[in-house]
Each structure stands twice: as structure tokens, then as C-alpha cells.
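I set out to look up a few residues and elements, together with their surroundings. My entries follow in the order in which I took them.

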Amino acid sequence: MALEKDTNLETWRSLSPDEKLKRRFEAWISPKDVKFVSPQAQADYKARATRIMDAMQLRKPDRVPIIPSLGGLAAAYCGYTHKEMMYDPEKAVDVAMRCTLEFQFDTKIGAGGAGLSVGRVGEELEDKQYSWPGHGVADDNTFQFNESEYMKADEYDAFIEDPSDFTWRTYLPRVWGAAGPLAKMMPLAQISEDSIGRFGQPDVQEALKKLMRAGQEAAAWQQKIAPVNKKLTELGFPDMRGVSGGQGHGGAAFDYLGDGLRGTKGISMDLRRQPDKVLEALNAAARRKIHEIRTNPAYQALGNCPVAGFALHRGADGWMSEEQFKTFYWPTLRSVSMALIEEGFIVRMFAEGGYESRLEIIRDLPKGKVIWYFDRTDMGKAKAALGDVACIMGNVPVSLMHSGTPQEVDAYCRHLIDVAGKGGGYILTTGASLDRNSKIENVRAMIKCVKEYGIYS
């Protein structure tokens, strides 16, 4: 929902980050526009949302929260392939409804969104960045990212000086076959009556039609799954996804540059051959992201969970040195995080891989405004380093959920609750999304453990 009627944009901007966060929490925990199916569903919703809020704020809730990260296992449990989940919204809806109601996590299992969730969108775009079921991978496999140098080593200036033109005429034609004809268009800033005729060229018109059809497919998908997400809220299950803090230019500017533009080989060489250009590009990307956060209405809406989340791909131990992390990775990530915090968000960063050598560095954010979602980081070390300033979550190994026994899962979760959950500020979940071959009995063991053992005295 938009800002409340008595809170215009000028008033909102005058609020402190704490005041903004308070209003976001109030709107999330007691949503005004939700018609719960029963008083019990409303009470359950409030209890679940409050439990998560308390953990985020480093308090001790009634018990440790548990949130889902079922990934492909949810589809497999319901008898569907990955391909079916990407092409049939009714099956995506069925998975969300059945798994949410059966497993009773503290948040809903969302029915997914557009983009990579929709195979027909990829088809219309003729997407080259991804392979997906029926287009390069088997029906039971998830999509795969196809890394390449979608921005060349000598194109930093073009990216820095005019990112819209670079995206329009260079990047999109490289990643979407449907956008190929856009490469011969004029820069956006030069569009005029004298040049408008280029839009009449048959191949350009066909490209624009394909982009429109992709947008229509994405919108149609969203229209079909939105009602189930709304229904699950009415049944008492909050959504912790909030907004995507990594949308657009990315949460970590280095990941935006290294993932989708330069690729692993390219960015690794650039750190040595043209580090000043890398820094200039990182700072430019971060500035644009901060501007978006401060001006895009999506970041001002109330009612959603006040979490802005994104994954961190290239900051892990071993990917770069500590000095490189301090120079190239952390400064722009911190500046974007601070912009989100100033808008009243809790920032949730999914630290893929291990972050043990980064723990003292990443302490440098305000207390109670960050969730660090750890994949493989030692949670004892994470709690010792961050427990007084940030909520931590995650770390139940995907490998354990895949090949372990329920007894082993129970023991691991008990240890996590004892260590990471001590004093509050911990949310239990797996270190990453589960694959379709994980064991459903291990999911049940994890849920049972937290609900029986994760209770604070």
C-alpha cells in the first residue's frame, strides 16, 4: 500500500530512520487492508510477524522463528517438475498453498513472481543469459546462469557516462536475442522528430513487439499468483520477502558489475589491469541505486515486511583478499545499505559461501537494522562478532538436508539454537535453498526441533 493518507512524502522524509521503521513494522504487523478469514488467523498472523520482528530487533521472542527455503523440494514434494513450475502458474499456486498450510513455517511460501519464474518470458526475450527447462536444461533441473562478458573491458566509460544508453543499445541486444535490432538505434538522448523514423524499421518494430509480449506474459503470471499470496496472508501467514533491495543496480555494486556485466574472468582481470575504472563504475552504480531507493515509490510503500533483501555473490572468503574486500566490495555495499536503513528498512544480506574473514568489517552498520543470512559461516564466530549489532539467520547445511537423517538434523538445529540463538536475534533456516532431492523428513525434523526446543525461558 502507499503511504498512509496522513503521511505525505514531505512528512515521510522528515521522519528519522527509527520512526520510519516503526511505521513500517506497525503497518506490517497490523495490516489495515487485510480481511483475515477468522480471529484466530489474525492472531496467528500477528504472533508470527511479531516473533520475526523481535528477532530482527535482537530481542528474545516467544521462540526462535523459522522461515522456509524449500527451493525445488517444494515442487518435487507436490509432484511437479521445474518446467511445470515455470510454465503453469496454477501449479506454482498449488505448491505455495499446500506447502504453507502443511508445514506451518512462520512465513508463507510465496507462489513466485515473474522474470525467471516464467518460461514464456524467457522465450519471448530469447534470453541468452539463462538456460532453463526445455531451453538447455532438463525438465527436472532449475535454471542456470550463463556467464559471459556482456560488457567488454573497454566499455567502462560508456557504462559510467550514460548507463541508460549502454543498457538500451549495448547490453540488452547482447543478453536478449529479441532486443538485437536495438543495437542500431540512436542514443535515447538523441531521439527527436528527425530520428523517430528508425522506430518504423520492421526489425525494430518486431523487437519492440517481442518486449511487449514478454511484459504481457510477466503481468499475466503475476495476476494469477497474486490472489494466492493474498489468501495466505488472510489465513495468517506473513511474508518476509519485503522489497528487493538488490533490484536495478544491485545491492552489492561489485556483484552487479561482476555477475551480469564483466563475468568472473573479466572482473578479476580488471581488478589488476584497471582498478580505478572498476572503482569509478562501482561508485556510479551505487549512486544510481541510492537515488532509486530515495525516489522510487516501491521503496516508500507501507504494508509489506520492512525487509530489503539481496544476495551477495562475490564477497566471500577466498574470492578476493581482505584488502580488496575493503576497497572494492564493502564501501558501496555499505552506502546502499545505509540508504535503505535511512528509508526505514531492515537490510537482509544473504552472504553466500563463508564470511569468517569479513565479520569484523561488516559490523559497521547500525544496531538492529541488519540481518546477516549466512550460508557456510561458522555461526559461533558470527554470533560472537555480530550478535550485539545484527540479527543472524541460516546455516543449516543443504548437504545435511539432502543426505543426513532426521536425528542428525535435529542435533544440528539444537546446536544452532544454543549457539546462534542465545539471547535472541536468530532466525532458523537452511544455508541456501533446498534442491528437489532433499529429504522431506529432514524438513519436518527441522520444524519440529525449533517448535519444541527453540522456546525462550
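**Lys451 and its surroundings**

I looked up the contacts of Lys451 and found that, beyond residues up to four places away in sequence, Lys451 touches Arg63, Phe103 and Gln104. I note that the model is predicted. The side chain of Lys451 reaches the backbone oxygen of Gln104 at 2.6 Å. I placed Lys451 in helix H17, residues 440-453.

**Nonpolar cores**

I next turned to the largest nonpolar core, which has 112 residues. Leu257, Tyr355, Trp372, Phe374, Leu428 and Val443 have the most contacts inside this core. Helix H13 (residues 322-342) supplies the largest share, 10 residues. I recorded a second, separate core of 25 residues, including Phe36, Tyr45, Val307 and Ile371. For Leu428 I listed the contacts, leaving out residues up to four places away in sequence; among them are Val64, Pro65, Ile66, Ile67, Cys413 and Met446.

**Helix H2**

Helix H2 covers residues 17-29 and has 13 residues. I found a reach of 18 Å from the first C-alpha of H2 to the last, close to the expected 18 Å. Which residues of H2 are buried? They are Lys20, Leu21, Arg24, Phe25, Ala27, Trp28 and Ile29. I noted that the buried residues of H2 pack against helix H1 (9-14), helix H3 (39-56), H13 and strand E6 (346-351).

Terms used:
Residues are numbered from 1 along each chain as its sequence is written. This is a predicted model: local features need pLDDT of at least 70, side-chain atom pairs count only at pLDDT 80 or more; totals for chains, interfaces and linings use all residues. Side-chain values use heavy atoms; hydrogens and water are left out. A nonpolar core is a set of buried Ala, Val, Leu, Ile, Met, Phe, Trp, Tyr and Cys residues joined through side-chain atoms within 4.5 Å. Buried means under 20% relative accessible area, exposed over 50%, partly exposed in between (1.4 Å probe, protein chains only). Helices (H or I, at least four residues) and strands (E, at least two) are DSSP runs, numbered from the N terminus. Contact means heavy atoms within 4.5 Å. The expected span of a helix is 1.5 Å times one less than its number of residues. A polar contact is a pair of N or O atoms within 3.5 Å; within protein, one must be able to donate a hydrogen and the other to accept it, and residues adjacent in sequence count only if both atoms are side-chain atoms.
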